[in-house]
Amino acid sequence: MLLLGCIKEVSDYELAISLPSGLSGFVPVTQISDAYSKLLTEQVAQGELLEELNSLPDMYSPGTLVRCIVTSIEKSADGRRSVKLSIDPKKVNKGLSSTALAAGMLLSGSVLSVEDHGYLIDIGVAGTHAFLPHQKAKNYIKAVKKGPDLKIGQNLNCLIVEVKNEGRVVCLSIDRSEVAASIASERQNWALSNLLPGLVVKARVQKVAPLGMKLTFLSYFTGIVDFMHMDPEKSMSYSPDQVVKACVLSVHPTSRAVRLTLRAPFLHAGGAPRQLPGQRMGAVLEEATVKAFYKQFGAVFELDDGTLAFARLKHLSKTRKSFKPGAFKEGCKHKCRIIDYSLMDEMCVISLKHQIIEARFLQYQDIHTGDVVQGKVLSLKPIGMQVKVADGIRGLVPSLHLSDVILKQPEKKYNIGDEVKCRVLECNPGGKKLILTLKKSLVQSKLPVLSNYEDAKPGLITHGFVVCAREFGCIVKFYNDVKGLVPKNELGSDPISCPDKVFYEGQVLKVMVLKCEPQQERLLLSFRLSSKPGPEDKWKCTPKEKQEVKYQIGEIVDVKILKKKDNGLEVSILEDEDNVVGWIPTLHLSDFVGTSKLLWHCLQEGDVLPRVMYLSDKGEHIILSRKSAVISAVQEEQVVRSFSEIQPGMLLTGYVRNVMPFGVFVEFPFGVTGLAPKVSMSDKFVTDTKDHFVVGQTVIAKVMSIDEEKQRVLLNLKVSECNSGDSAAESFALLNQYFKELKEVRDLLKRGEPSICELVPGKGVHLVVQDLKEDGSALFSGSSVTGLTVTATRYHLGDKNIAPGEKRKAMVLHVDALTSEVYVSLREELLKQRP
């Protein structure tokens, strides 16, 4: 069956569609179009995000009309029916053939590909190529505001402008004014086999009845308009032979019944139905007046704001037996509640049932984080318990939250059908996600609910639950995924050497907020409720608390370069009245050794370097670092502050301090050092340690073992052993950081050496042969390479003989900004490949 629908909700996996007569259906992500399904399959096969594949929310918006076809009607275990739909043009337009296409026809299409002069559109007609020029799409793109271009899989209302070669080629328009003005006519040769919903027609009233009207249109078609789709302002004034404008709503394939609407928003193609104001959903109305009662369907009411609403028969009374038709005569008033809104009928759907009017929750939007709710156990699964909170609202109690202690056999405590009292940990109405807890300590807590970082004011005491207990302390979670750290020194009044033996996952405890940085979503907590937070409470705890030191390890500061020295930069810390001087060693300018040297080369005295981290205060200087990976490790608390915190198996970010013939010494923030022996340095066989690592290189090391007596740490630097599981994401983050720093170098180079920035690998340059060397290589000069040493090796001179003074065309192979050397090639096969 073909239907006109209106998008109600959009998620990543489906479109929820409002259908006529208060019905609804779903379009799965696989039923958008062939081109979109192909991209989905490619993405799954490759296991990485495709740039040309846009998510459904990027392409579709609630309130948009779409033509759908019913693919199946599924029945769930509780007897509810679910209507599955497709908007794939191949299915919706299956009745059309290339010979039936005519100028002026309006039909559904889906973007197949983006071309230089427009778009190829899939209109689902075999043997027909449809093209949409950019000119005919620009007004639509501007109005929809979904980006500068149409996207593959985007569904469009297409008007055929021109038909060529007997329907084999058609030219389309989606211009809003052209689409809105289109009316289906007899000369377009529509047949009942290919008649499409969404067509606007001129129709003649044939018969008027209490429940609707019969119309004739396009010469020999007949259709029905039910009472919900007459124009509310004219519903009493229709008469036979009257000419009206109508829109096709649905076409039934077997009975051939055509239903139409006379409602105003549908009477120009591309229109959109009126939406219900958000605050009206769920509203309880003391008086709604009966306008009309239909004994087989329900009743139409007029609400307090003059709009019409519909109540289905089953929502007029508690049970079928208690239903009294006499109470629904025109003019009778009833108390009701708005439970839904049908976009396609532009009507509120209401219920007169007492239990619905009194219900606390009707939709996910009514539930707030921290609410205490009653629910019924639906099922017990390994991940947790499913709970029914209200009709259409279900929540999950994760297994960690089934009790104050971890339950090994929850089925012994809970049975399906049990009533349970829960508290809402997290509610996401958009994703229909509801996470609950059954921990009594949380459900019965009278302390404030902490559900966002802004509310975490120092001194606040509340309940939280432990999600992780490690050497460094405990991570405690609250509501809405808010979490914070209780460092080791704040775990109790007495020192606790092994937190994982004192605290357990899921344990509910009272905590006090010491400090919060809402922008960074960082929260420092304490289990010592008597301690007073204040300026003396430090965010970071150094091994030796030095009161005279202004800065703590891990603190981020901005600096200005005072002097460039051979092995680093002398800098002053900005926004410091005492003009504190610090030192950035060259190798701490970047995680990448090559980039560190380039940055030192490009930076000048007076330059400002933002976001530099305080690393240590050994010796005379404050040592600062700009290594991005080291800064991230400190900020994300993936560090150890002392030897006692180190445990085998830890992954730590550090930098090479020394390369010895027997192994590599690695230093970590806060001064802890470890050794990676030769056998644990690389996955390859190591002959010479200097071939594998250089001093200053950033590394990720895995702790193999510790010797507490000798205070020694043995490390593993093998790449195969040192990834945290998501190696692809880590690699891309590193690569992204590398290119970001290269761009920074390029911007700095433009100040003093603009010519070198313009020379990029692959660029063609005109050069003059300067000199030929004994090894067969050649030196060049030219206006574009002034002040640079330009060389081509013997291999890259090609087969031709060259002589000093000759002009030659060459391709740039490599640019070394540090030595101002440029390597080029004269080989014909490379020059031919240049675009």
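Colleague: What should the 13 residues of helix H1 span at 1.5 Å a residue, and how far apart are the end C-alpha atoms?

Modeller: Helix H1 (residues 34–46) should span 18 Å, and its end C-alpha atoms are 18 Å apart, so the two values agree. The expected span is 1.5 Å times one less than the number of residues. Helices (H or I, at least four residues) and strands (E, at least two) are DSSP runs, numbered from the N terminus.

Colleague: How should the model and its numbering be read?

Modeller: The model is predicted: local features require pLDDT of at least 70, side-chain atom pairs count only at pLDDT 80 or more, and totals for chains, interfaces and linings use all residues. Residues are numbered from 1 along each chain as its sequence is written, and side-chain values use heavy atoms, with hydrogens and water left out.

Colleague: Back to H1, then. Which of its residues are buried?

Modeller: Ala35, Tyr36 and Leu39 are the buried residues of H1. Buried means under 20% relative accessible area, exposed means over 50%, and partly exposed lies in between (1.4 Å probe, protein chains only). Viewed down the helix axis, the buried residues of H1 fall within an arc of 100°, so they line one face. The arc is that of the directions from the helix axis to the C-beta atoms.

Colleague: Why do residues three or four places apart in an α-helix point the same way?

Modeller: An α-helix has 3.6 residues a turn, so residues at that spacing point the same way.

Colleague: And what covers the buried residues of H1?

Modeller: The cover includes helix H2 (56–59) and strand S6 (106–114), with contact meaning heavy atoms within 4.5 Å. The face of H1 turned away from the buried side carries the exposed residues Lys38, Thr41, Val44 and Ala45. After H1 comes Gly47, with a positive phi near 70°.

Colleague: Changing topic: how many salt bridges are there?

Modeller: The count comes to 22. A salt bridge is a side-chain nitrogen of Lys or Arg within 4 Å of a carboxyl oxygen of Asp or Glu. One of them joins the side chains of Lys90 and Asp34 (3.5 Å, N to O). Lys90 lies in helix H3 (residues 89–92) and Asp34 in helix H1, so this pair ties together parts that are 56 residues apart in sequence.

Colleague: Which residues are linked with Asp34 in a network of salt bridges?

Modeller: Asp34, Lys90 and Asp122 form that network. Lys90 is partly exposed, at a relative accessible area of 42%, and Asp34 is partly exposed too, at 37%.

Colleague: What about Lys84; which side chain does it meet in a salt bridge?

Modeller: Lys84 pairs with Glu74 (3.8 Å, N to O). Lys84 is in strand S5 (residues 81–86) and Glu74 in strand S4 (residues 65–75), 10 residues apart. Lys84 has a relative accessible area of 21% and is partly exposed, and Glu74, at 40%, is also partly exposed.

Colleague: In the salt bridge of Glu829 and Arg827, is Arg827 buried or exposed?

Modeller: Arg827 counts as buried, with a relative accessibility of 16%. Glu829 is partly exposed at 42%, and the two side chains meet at 2.9 Å, N to O.

Colleague: What does the side chain of Asp371 reach?

Modeller: The backbone nitrogen of His368, at 2.9 Å. Asp371 sits in the loop between helix H6 (354–358) and strand S21 (372–381). Leaving aside neighbours within four places in sequence, Asp371 is in contact with several residues, among them Phe361, Cys422 and Val424.

Colleague: Last topic: where is Asp241 found, and what is its phi?

Modeller: Asp241 is in the loop between strand S13 (221–226) and strand S14 (243–251). Its phi is positive, about 75°, although Asp241 is not a glycine. Asp241 counts as exposed, at 54% relative accessibility. Most residues other than glycine have a negative phi. Arg256 also has a positive phi, near 60°, and lies in the loop between S14 and strand S15 (258–261).

Key: Polar contact = N/O pair within 3.5 Å; in protein donor to acceptor, adjacent residues only side chain to side chain.
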